[in-house]
Amino acid sequence: MADLSINLAGIKSPNPFWVASAPPANTAYQCHNAFAAGWGGFVWKTIGTPIVNVSSRYSALNLGQMRMAGLNNIELISDRAPETNFREIKECKKAWPNHAIIASLMTDTRENWHDFMKRAVDAGADGVELNFGCPHGMCERGMGSAVGQNPEVIETIVGWVMEVAEIPVIVKLTPNVTSVVPPARAAKRAGANAVSLINTINSITQVNMETMCPEPYVGGMSTHGGYCGPAVKPIALNMLHEIASDPQCAGLPISGIGGVSNWKDAADFIALGATGVQVCTAIMHYGFRIVEEMKDGLSEFLDSKGMKSVNELRGLAVNKVTKWENLNLNYKRVATIDYDKCINCNLCYIACEDGAHQAIALIKPDGHDLGPGRLPGKMIPKILEDVCVGCNLCALVCPVDDCIIMEDVPTGKKHMSWKQYQEGLAAGKMKPIPAHP
Amino acid sequence: MPLKSFLTAKQAAVNMDEKKPKFRPQEALVEAERCLYCFDAPCIAACPTGIDIPSFIKKIAEKNLTSSARVILESNPLGASCARVCPVEVLCEGACVMLDRDEKPLQIGRLQRYATDHVFENDIQVLHAPKKKNGKSVAVIGGGPAGLGCAAELAQLGYDVTIFEKDKEAGGLNTYGIAYYKMRPDVSIAEVEMIKKLGVKIRTGVEVGKTVKIADIEKKFDAIFIGVGLSSNALRLNIPGEDLPEVVEALDFIRELHVEPLHKVKLAKRVAVVGCGNTAIDAVAQAKRLGAEEAIIVYRRREQDMPAYPHEYDSAKVDGAEFMFNVLPVEVVEKNGHVEGLKLVRTKVNDQGKAEIIPGSEFFEPFGMVIKALTQAPRSDLLKRLFPKLKLNKDGTVARNEVTGQTNLKHVFTAGDCANGGREVVNAVGEARKAARGIHKWLTGETAIGPIQKTRYGMKQPYGSGLDNPVRAPELEEEYYAKQK
């Protein structure tokens, strides 16, 4: 069994799965249940001057039968008093000394930040997370993402916090920016011990056609909410990689957040440089028990790869992402269809024909051993290998696993990137590649 | 006429092909992704071994098959055979919430097979016994589902376990008595091997009371578990002609398929099966699949009285089996020393549900073979001989504490068919695991805690945790409301 324990900027936890600062992390009651179910860490719902919430608060994007592929919310930070939250953190820490409890904080003035930091330390929190990400409500009051969108303000506030910090400080970043790198650099410059990302994304999930009001509906009006859940993972992974690969952020530990629903999602984050992950939507859908499947799956995967610790996985894919200009222009792959598996839906054909590069033909099925249930004589797809650009689209739309496989085609040509091509042209060593007809 | 075989090897193989074949990977994924991952899922409560079904299905959806199989086998070491032989229609699948959404229930049995096949095919041992044993030893009499279930649980608790099995292979009915198109014997053999790897010693070909003395066992072991099942040969029709060579026991007929090449199994063109339980259904369907022109169930009561499950009845009809209700055999008619047919009388079911003969209704039906599928009987004689002081119930089953499996002899525990009178494999395993915990508690004073079901985590007042309180699906609702009162 691989060792799942992690150490994120000095915060130790028995496994990389933390409950994210969100509705599941609101109370001591939830904290006890989360740790009993197997979570490694618990990032308390953001503590600040208590707010007042509205009813209703959540809305979702369903894809067919899949509920909550994306979730948005307009719930604010904790509506409980700071003293209640800090007292409960103390209780929980006493009961779970080996698990990580992180106090998420949001306030305004230097004095208030100093006060909150001191109280978090007194409560025994293993670290704090500064909420610079919340994109609804709080930002209108100059907090949350209003801070996270401005690197100078980040630097100032993190500076205040670090003046009194006795425990690790994590800065939670907002994705509602053009680039997440300057905010991360600002946090690092100011001395933050780690960053966590992504917070939720500005969103409107849908409009109710009867009321002409978007969801969630609050007495005839709605507001933009923070988007999360499985649908945001690719955005989160990209932002994670931008920071993990940034030379100025080198060595800055990262807590990955954004649509982690299963062990594979967590592995994606860790391979792209995260030390651990935080989870919310999956808990809001299935409960704390979901961590068991995550831990089990990650552990089995690490064992299958012969890795002794989850830390061996960290960052393995970071160097596999580069600028476009460094990609090999002479690499070629083409699609191949396994006719034993093909069910003759011809989605690959029409996707390529109308949506891509016209590299699939429909031919008579003669000579192909087709499966049962086929209409005799119905045309079947055939890849035109000399036209195929290897774009993957047919394989992406194919509803049968491993039916269309993208295969490498040896070109016999040496590696040549766009950069090398431009240099070759400039030096007069190469002829221009003719334009596609 | 003497019996003979009708099919070529190839035909027999096709006819006896698995009824529920293994899922292809994508089929399994599509099916697994349908699961809602219910909380406090009714399928768990409907499983007599309490398998955490939503958890193992979620793991299949996440392509984590090894862990999926571990979840299954930790709760039910015979999870691979139960995946094939369980009457899922009245257990887990019959409780699936999808039914209330007017959809097909999850194919839990086939998913369970998919996950467990993965570990058996790839020789992955997911169950482990502690390296340090606790110094106690238990003798298990009978290597069927109950004995194996008890042994696996005890081995995982650190016991030194020895199974005494009179047959050549352990597995009991799982190895020798399951319809061939439902399960192949190698599945059962593989489970036996897995249990051996837990350190369980299995002495086959050993008959307790003959090969080894019970006194020696009592001296050598700290506790004894009885899992001897039922006898198939006890009940007789008690009619003339019953001992003719073409009159056979249903279980012997099924067993032949497991020890002989399929196309060598002999039968007649017209076969009668007497009785209408699930074993009768297996026998009649197999006779049909082996090339009998007509295979007919002969049952003394009405269609609605038959003990067989409705889904088994339906499936036999699809196989081409025929049914004669309200008829009772009174004589096996002989010609030249062979079976010529059955002399039958018509019956009617009276107000007490008993079949009454209608006088003067005798008639003859030609058959070349008669398969008896009567109720199996308890092995009272054997039990009396081995343990003269053991308390038996009126029906001959062993009297026991339902929770701990303990009998009136403090060091003797029991579970499975010999105690419950004959239920499913999965009941035997569930009861045997409880008996293993009973033994553990009695020998060490400690309460063994099984794997905690994560999908039930957070329940403030758990109801029907499957292993602790198994219920059949049709009874689920009724029981639930009864408990609420």
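This is a predicted model: local features need pLDDT of at least 70, side-chain atom pairs count only at pLDDT 80 or more; totals for chains, interfaces and linings use all residues.
Of the 437 residues in chain A, 44% are buried.

The secondary structure of chain A comprises 13 helices and 20 strands. Taken along the principal axes, a box of roughly 75 × 60 × 50 Å holds the C-alpha atoms of chain A.

## Packing of α8(A) and α10(A)

Two packed helices are described by the angle between their axes and the distance between the axes. For helix α8 (residues 263–271) and helix α10 (residues 290–304) of chain A, the angle is about 60 degrees and the axes are 8 Å apart. The pair therefore counts as oblique, since the roughly perpendicular class runs from 65 to 115 degrees. The crossing of α8(A) and α10(A) is right-handed.

On the α8(A) side, the contact is made by A:Trp263, A:Ala266 and A:Ala267. From α10(A) come A:Glu293, A:Met294, A:Gly297, A:Leu298 and A:Phe301. By class, the contact of these helices has 6 nonpolar, 1 polar and 1 charged residues.

## Interface between chains A and B

At the interface, 16 residues of chain A are in contact with 15 residues of chain B. On the side of chain B that touches chain A, at least two residues each are supplied by α2 (25–34), α4 (53–61) and α5 (65–75) of chain B. The largest share, 3 residues, comes from α4(B).

Sorted by class, this side of chain B has 7 polar, 4 nonpolar and 4 charged residues.

Methods:
Residues are numbered from 1 along each chain as its sequence is written. Chains are lettered from A and ligands numbered from 1 in the order in which they are written. Two residues are in contact if their C-beta atoms, placed from the backbone, lie within 7 Å. Helices (H or I, at least four residues) and strands (E, at least two) are DSSP runs, numbered from the N terminus. Ala, Val, Leu, Ile, Met, Phe, Trp, Tyr, Cys and Pro count as nonpolar, Asp, Glu, Lys and Arg as charged, and the others, Gly among them, as polar. A residue is buried if 20 or more other C-beta atoms lie within 10 Å of its own, exposed if 12 or fewer, and partly exposed in between; C-beta atoms are placed from the backbone. Axes are lines fitted to C-alpha atoms, for helices over the stretch in contact, and angles run from 0 to 180 degrees between N-to-C directions. Angles under 35 degrees count as roughly parallel, over 145 as roughly antiparallel, 65 to 115 as roughly perpendicular and the rest as oblique. A crossing is left-handed if the near helix is turned anticlockwise from the far one by less than a right angle, and right-handed if clockwise.
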